[in-house]
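Biologist: I am new to this structure. Please show it, and then let us take some questions in turn.

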There are 6 protein chains.
Amino acid sequence: MSLLCPNAFLSPLAIDEAVTRALAEDLGRAGDVTSIATIPEGTRGSAVMKAREAGVIAGLAVAEAVFRKLDPSVEITGHLRDGAAVQAKTVLMSISGDARALLSAERTALNFVGHLSGIASATAEFVRLVAHTKARVCCTRKTTPGLRALQKYAVRCGGGFNHRFGLDDAILIKDNHIAVAGGVRAVLERAKAAAGHLVKIEIEVDTLEQLKTVLEVGLADAVLLDNMSPATMKQAVAVVAGRLVIEASGGITHESAAAIAESGVDYLSSGAITHSSANLDVGLDIEI
Amino acid sequence: MSLLCPNAFLSPLAIDEAVTRALAEDLGRAGDVTSIATIPEGTRGSAVMKAREAGVIAGLAVAEAVFRKLDPSVEITGHLRDGAAVQAKTVLMSISGDARALLSAERTALNFVGHLSGIASATAEFVRLVAHTKARVCCTRKTTPGLRALQKYAVRCGGGFNHRFGLDDAILIKDNHIAVAGGVRAVLERAKAAAGHLVKIEIEVDTLEQLKTVLEVGLADAVLLDNMSPATMKQAVAVVAGRLVIEASGGITHESAAAIAESGVDYLSSGAITHSSANLDVGLDIEI
Amino acid sequence: MSLLCPNAFLSPLAIDEAVTRALAEDLGRAGDVTSIATIPEGTRGSAVMKAREAGVIAGLAVAEAVFRKLDPSVEITGHLRDGAAVQAKTVLMSISGDARALLSAERTALNFVGHLSGIASATAEFVRLVAHTKARVCCTRKTTPGLRALQKYAVRCGGGFNHRFGLDDAILIKDNHIAVAGGVRAVLERAKAAAGHLVKIEIEVDTLEQLKTVLEVGLADAVLLDNMSPATMKQAVAVVAGRLVIEASGGITHESAAAIAESGVDYLSSGAITHSSANLDVGLDIEI
Amino acid sequence: MSLLCPNAFLSPLAIDEAVTRALAEDLGRAGDVTSIATIPEGTRGSAVMKAREAGVIAGLAVAEAVFRKLDPSVEITGHLRDGAAVQAKTVLMSISGDARALLSAERTALNFVGHLSGIASATAEFVRLVAHTKARVCCTRKTTPGLRALQKYAVRCGGGFNHRFGLDDAILIKDNHIAVAGGVRAVLERAKAAAGHLVKIEIEVDTLEQLKTVLEVGLADAVLLDNMSPATMKQAVAVVAGRLVIEASGGITHESAAAIAESGVDYLSSGAITHSSANLDVGLDIEI
Amino acid sequence: MSLLCPNAFLSPLAIDEAVTRALAEDLGRAGDVTSIATIPEGTRGSAVMKAREAGVIAGLAVAEAVFRKLDPSVEITGHLRDGAAVQAKTVLMSISGDARALLSAERTALNFVGHLSGIASATAEFVRLVAHTKARVCCTRKTTPGLRALQKYAVRCGGGFNHRFGLDDAILIKDNHIAVAGGVRAVLERAKAAAGHLVKIEIEVDTLEQLKTVLEVGLADAVLLDNMSPATMKQAVAVVAGRLVIEASGGITHESAAAIAESGVDYLSSGAITHSSANLDVGLDIEI
Amino acid sequence: MSLLCPNAFLSPLAIDEAVTRALAEDLGRAGDVTSIATIPEGTRGSAVMKAREAGVIAGLAVAEAVFRKLDPSVEITGHLRDGAAVQAKTVLMSISGDARALLSAERTALNFVGHLSGIASATAEFVRLVAHTKARVCCTRKTTPGLRALQKYAVRCGGGFNHRFGLDDAILIKDNHIAVAGGVRAVLERAKAAAGHLVKIEIEVDTLEQLKTVLEVGLADAVLLDNMSPATMKQAVAVVAGRLVIEASGGITHESAAAIAESGVDYLSSGAITHSSANLDVGLDIEI
């Protein structure tokens with residue numbers, strides 16, 4: 001059984017690439033000198049990975065690839081899958097194989113699961129806070145360099161939605177674009193003229209005035225309300241009246257999330273869930 | 001002038017590799033479709049990067065490489081260097097060049113500076129908390145996969161010290177190694193027999209009993225006290241009497257750091273500074 | 001002056017990657033043994049690249065990178081830019097530098113310009129054939145493996161528009177997806193439930209019946225009419241009445257293009273422009 | 001059974017490299033969002049790949065690697081091998097495995113088979129046109145950048161022969177080399193002096209005069225007749241009298257091929273077969 | 001059974017990387033044209049690898065990976081493992097599989113085993129020469145570019161010890177560092193202030209005077225005696241009196257090794273064992 | 001002025017690739033910790049590279065790239081070029097730039113120059129020993145894995161010639177190919193039937209009998225005499241009578257080279273010059 005979250009987006013090539021890079025980084029040139037020096041070759045061992053605090057899990061499929069890379073015949077049992085919400089002390093997966101490989105893979109596997117589960121859990125918390133509304137939680141491009149695909153996968157594991165994966169897969173017009181192009185109408189016309197029919201156009205607005213112009217021009221698919229108060233957002237929702245998808249953005253916190261969501265916006269986007277989540281505490285109990 | 005912290009360790013090849021990977025991740029196949037569609041080619045612009053909160057800066061040299069990669073003739077002025085402690089609103093660097101390149105590079109540059117400055121700042125806070133003692137703060141191998149070299153550089157920017165960079169550059173004997181090898185004496189003898197003269201040997205102990213055996217055997221360079229109370233650590237320091245470097249490890253927090261440092265240990269190691277630091281808030285004000 | 005087409009989409013990292021790979025492929029291990037054996041080192045030379053037949057040019061910016069890779073101090077003058085329509089014998093660019101480097105780079109540079117200009121020219125021909133209508137010409141994912149980014153750039157140089165760059169940047173629902181999900185309504189609901197707000201949804205239909213269901217469900221942004229006759233397409237256009245973007249697809253030829261466009265569809269997509277265009281004939285006249 | 005053409009040249013490492021790059025290009029960061037959103041994980045499916053027009057097949061071994069990369073346990077039956085000549089509607093291979101993987105791999109697999117079969121078929125057509133003579137058909141270095149090894153493999157699948165794979169594996173002296181070196185004799189002496197004994201030397205000539213000098217000098221292995229008429233070629237063949245291998249080159253078409261071959265030359269080389277062949281139409285019928 | 005030397009240090013990722021690069025280098029674009037042209041596809045063969053002279057073997061595990069890369073179902077029996085001392089004509093491993101793959105892999109496999117066994121044997125000879133003393137033999141950073149990890153592994157196979165793997169895993173202070181920093185005391189204080197607790201510090205000295213200063217300062221872990229006579233080394237050993245690890249370095253030969261070792265130093269380091277060892281003669285007897 | 005040997009074969013892309021890999025290998029993650037810790041940032045220095053023994057130099061162009069990689073503004077003066085024969089103490093190149101960069105680059109630069117000059121010098125010695133004959137000295141595929149292109153370049157620097165660069169650029173038929181194909185005639189016919197006109201065919205023979213068959217069949221370009229005595233080779237030369245290029249191979253030593261060359265063969269090939277040459281002793285005198 002795959003340990004991947006069944007409905008989260010991730011290129012299947014991304015895992016192998018991330019795992020190879022991470023192991024190369026940890027093993028360096030000489031490999032795990034401690035285990036080579038102290039563990040007799042051929043020794044067998046087993047391990048269980050456990051959550052040490054409650055949260056939502058992401059990265060088990062990556063951890064599996066880490067262990068398998070160092071011991072192709074390792075036996076792995078996943079007790080649950082990415083996307084599962086767990087309590088502290090829940091056993092996540094069991095691993096049995098070459099003892100040196102287990103010890104060499106341990107830290108890299110835990111680094112992935114801890115980091116990605118931290119993101120999934122932070123996402124899930126925001127999802128919980130707005131669950132009484134129709135608002136969805138989504139990520140941004142404020143990710144940790146080199147880990148975007150995996151982090152966006154973790155956001156989905158936590159029940160969130162994905163914003164753009166990069167500068168190339170949607171148009172998001174910000175203040176500088178508007179200023180240089182000569183205003184909201186001009187910039188939207190330029191964007192629409194250049195974009196193919198499978199590229200969405202979103203535009204950032206700071207005021208209700210700007211929002212009204214966007215609606216008049218009529219070429220955008222979505223609008224990003226930047227740092228507005230919940231009250232202003234509520235007005236914005238009324239003005240839009242369902243004609244655009246509305247994303248609220250800018251310093252959304254646990255405290256402010258519910259109020260923002262209750263304004264009627266469609267999405268709350270948070271950079272913090274990817275760039276500032278603490279690791280979820282997971283550990284490996286090894287028996288050799 | 002180089003923007004690198006002058007006495008932090010980093011391979012000069014690591015920056016280009018990290019920057020290329022991060023930009024490839026963000027630009028994808030089509031590049032910055034928004035800027036291509038809305039900003040006339042050849043438009044010039046300038047920008048200032050500012051800290052939006054107080055902290056210790058790391059990553060300016062990386063940000064410089066990001067901008068230069070997309071506009072080789074960009075002009076950059078660093079107003080300070082990695083390792084500087086700043087207040088909110090401090091201008092970090094000024095950038096002037098092709099407007100499309102500025103906008104395309106913005107997020108990646110900020111992602112690096114925000115992430116690495118977060119680590120430097122978290123490190124600096126621990127350093128401050130133990131500044132009245134001789135204890136040094138150091139990192140661990142609990143890093144974000146793929147970013148270890150840069151994260152360890154950020155720890156140095158924040159005044160910390162580096163632990164192992166990987167499994168290959170020092171021996172760190174943990175409980176499993178001890179158990180399989182048949183005890184503290186046996187494991188240390190094995191390690192010493194295999195290690196060359198430029199490999200340090202550290203061993204993790206849970207009890208004062210184990211610590212005494214380590215001292216009797218006499219082959220270790222350092223000892224890691226795992227999750228001991230400050231009181232027990234104080235006893236350990238007395239037992240060691242300067243014969244070993246002592247590292248305290250295990251869930252060290254802002255609350256417990258001072259008491260632990262006051263026990264007389266040489267190092268406090270923290271995984272949290274690399275795996276769980278929130279980004280420092282930095283932004284780019286662009287004028288086109 | 002950049003030789004890139006100013007409003008065509010391409011990651012700036014793509015050129016260097018493609019050029020390095022192509023030169024490595026041609027130079028192998030020993031390099032250009034003929035030129036090393038017969039041209040004295042240090043000999044200087046100059047060259048002009050000319051179109052040998054009429055067409056639309058794409059790839060000059062890539063050719064420039066090829067020459068520069070083998071002679072960093074080469075002097076290059078672009079007489080026009082990617083996207084220009086030219087007659088036979090038009091001079092495209094002039095190059096002056098190390099003679100060995102010119103000769104070693106010649107074939108790789110021409111292979112890029114000939115291939116990409118062939119695509120730009122084929123696109124431009126379709127654009128011309130439908131110019132009296134509002135229909136736009138666009139590409140598909142039927143590209144030559146490893147060259148997608150450059151080929152899609154060439155389509156833009158020829159006046160066309162870009163469809164998806166890959167499986168990850170938009171949802172395109174085909175017959176198998178519909179069948180497995182249990183019909184048009186079910187598949188659209190699943191897609192909408194999973195997709196973030198910056199992902200467009202297009203669905204392929206074979207019949208007007210299916211089309212009507214798509215309109216009823218109301219979750220799609222675009223519809224692909226697969227292999228319909230112009231007459232049926234006209235009916236489809238009437239049925240849609242502006243509520244969806246309409247793409248006509250399936251074996252569109254020079255003969256059928258106008259009639260299809262006149263049906264009122266928004267896009268004609270063609271795999272042939274990327275996978276089956278003949279090279280445009282370009283050559284290099286070298287003087288040493 | 002390997003699906004590779006048994007006597008065509010190709011490094012076994014080339015397939016994996018080309019497949020990985022092509023899938024990375026198509027799957028991007030998020031992977032096949034349509035299939036993840038609409039096909040339940042674990043769904044099984046099967047497919048048959050069919051030729052939709054007559055031709056010579058190349059690329060089945062590559063397609064197999066594409067499917068296997070996304071589903072390592074896929075079951076594949078090849079009904080014929082690369083190099084087979086087929087009629088329209090011939091079943092080429094059957095694939096059975098994970099439905100999501102099938103759908104994700106479909107386009108990349110077809111892009112390879114369509115492209116390479118197009119080249120094999122174009123080659124085979126030239127081979128047929130000259131089959132009544134001793135002339136062999138061969139390729140050139142006018143290939144699509146990044147695909148040379150696979151394209152040259154396809155030429156062999158179509159019954160053709162391979163010219164140089166790059167600038168490094170044989171010496172081909174052209175007009176510029178002759179001019180700079182100071183004439184035919186001088187250039188051949190330089191080439192022979194530098195080349196080891198496993199490097200062939202070919203020289204391009206425009207006139208019978210030049211050809212006679214080449215024969216007098218006596219250091220070449222082969223001569224390339226550039227853009228000569230069949231009548232002049234016939235004279236050239238008589239002059240050479242078996243002392244050199246003769247390659248006819250320059251704008252050889254379906255119309256001119258037979259006459260050129262009948263002149264008695266040994267090889268007809270064509271850039272068009274690699275740089276300007278249309279794809280062969282192949283499709284995948286999927287059942288899920 | 002793994003063919004790796006059980007207690008030699010090597011990252012498990014290093015083998016695949018080295019093997020892929022070496023095969024790519026040998027197979028080029030077209031692969032093994034001789035075997036493709038002359039050996040019918042599907043032919044089976046077997047082979048035995050034999051030492052043709054006495055020595056210590058290293059590289060069998062690499063050779064295994066070479067054969068497996070070209071024929072994943074090859075059957076391999078190792079008759080001994082890396083690190084074994086053998087006489088001429090000893091059978092090292094037996095291989096059975098696809099005949100083309102065997103022939104294509106032969107030279108690359110032998111190049112690895114011959115090169116690494118040459119290093120292991122040269123190391124073992126030095127080890128033998130000093131076996132009556134406590135001195136250990138170790139390598140340096142004077143390695144063949146691109147092969148350091150494998151060469152250092154071979155040194156361990158031959159009974160030697162590893163010095164630094166690179167500039168990053170230990171501090172080795174040389175004359176220039178001393179001069180710039182302002183003398184032995186200053187340089188050691190700087191080094192100690194910057195280095196973490198898992199980085200050893202070694203310092204090179206030319207005179208007993210320098211050595212005494214090093215001892216006075218007391219911050220070094222090891223000292224490198226550069227080009228001293230055995231007599232001076234003996235004095236150095238007496239001066240040090242066990243307070244530092246002592247490495248003797250500089251032009252150590254078969255003739256001088258015993259005398260140097262008898263001086264009481266801990267390590268003899270030799271660049272020649274990695275940069276100037278002749279290959280051990282190994283061959284492959286193939287039966288097809 | 002380029003420091004490359006002007007008539008030696010090497011892809012210009014090979015140097016950057018080799019240098020990047022070698023520096024990455026040496027600098028690891030943390031870089032040159034010793035120099036960072038002890039040399040103040042911004043310190044300037046200069047150095048001269050000297051030969052410490054007589055020989056033929058190769059690798060200066062590579063060394064230049066090493067220094068430039070770590071200090072793009074380094075100033076380098078080459079006092080001679082690759083291919084020069086020098087006495088001990090000859091100054092090869094002068095370098096002036098950032099002191100940390102000089103120290104970090106030193107060992108990698110010397111490793112390249114020492115290794116490649118060792119090969120060039122060994123080649124030159126064989127060239128000298130046979131200078132009174134027409135015989136040329138050439139290399140084989142018995143190279144150090146990963147360094148073939150550079151090693152073959154060094155052979156040319158030493159006055160030698162290059163054999164095949166890989167399995168793909170010429171046909172060399174050995175005993176196994178002959179046996180499987182069913183004898184000399186059959187194997188040559190197969191080879192000729194498959195090979196294009198720019199691929200040379202060489203065949204290895206053990207006896208004069210085999211040689212006569214090769215001549216009768218008449219399809220080979222060259223013959224390799226495997227391990228024959230000089231007397232037998234002389235007979236072989238007489239039998240061939242100029243109809244084939246003759247290569248003598250198999251354990252050729254300084255002692256046997258002249259006699260073999262005097263037999264009248266065209267080439268002596270030696271694996272030892274690439275796989276078993278000792279480094280030439282070169283050093284760097286640094287002033288900071």
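Modeller: Copies are superposed by least squares on the C-alpha atoms of residues with pLDDT of at least 70 in both. This is a predicted model, in which local features need pLDDT of at least 70, side-chain atom pairs count only at pLDDT 80 or more, and totals for chains, interfaces and linings use all residues. Residues are numbered from 1 along each chain as its sequence is written, and side-chain values use heavy atoms, with hydrogens and water left out.

Biologist: What rotation superposes chain A on chain B?

Modeller: The superposition has an RMSD of 0.0 Å and a shift along the axis of 0.0 Å. The rotation is 180°. That is the relation of a two-fold axis.

Biologist: Which three residues supply 42% of the area that chain A buries against chain C?

Modeller: Buried area is the accessible area (1.4 Å probe) that two parts lose on being put together, summed over both. Between chain A and chain C this area is about 2000 Å², with 58% given by carbon and sulfur atoms. More than any other three residues, the suppliers on chain A are H197(A), L198(A) and K200(A).

Biologist: Which residue of chain C forms a salt bridge with D221(A)?

Modeller: A salt bridge is a side-chain nitrogen of Lys or Arg within 4 Å of a carboxyl oxygen of Asp or Glu. Chain A and chain C have 2 salt bridges between them. In the one formed by D221(A), the closest N and O atoms are 3.9 Å apart, and the partner is K200(C).

Conventions. Chains are lettered from A and ligands numbered from 1 in the order in which they are written.
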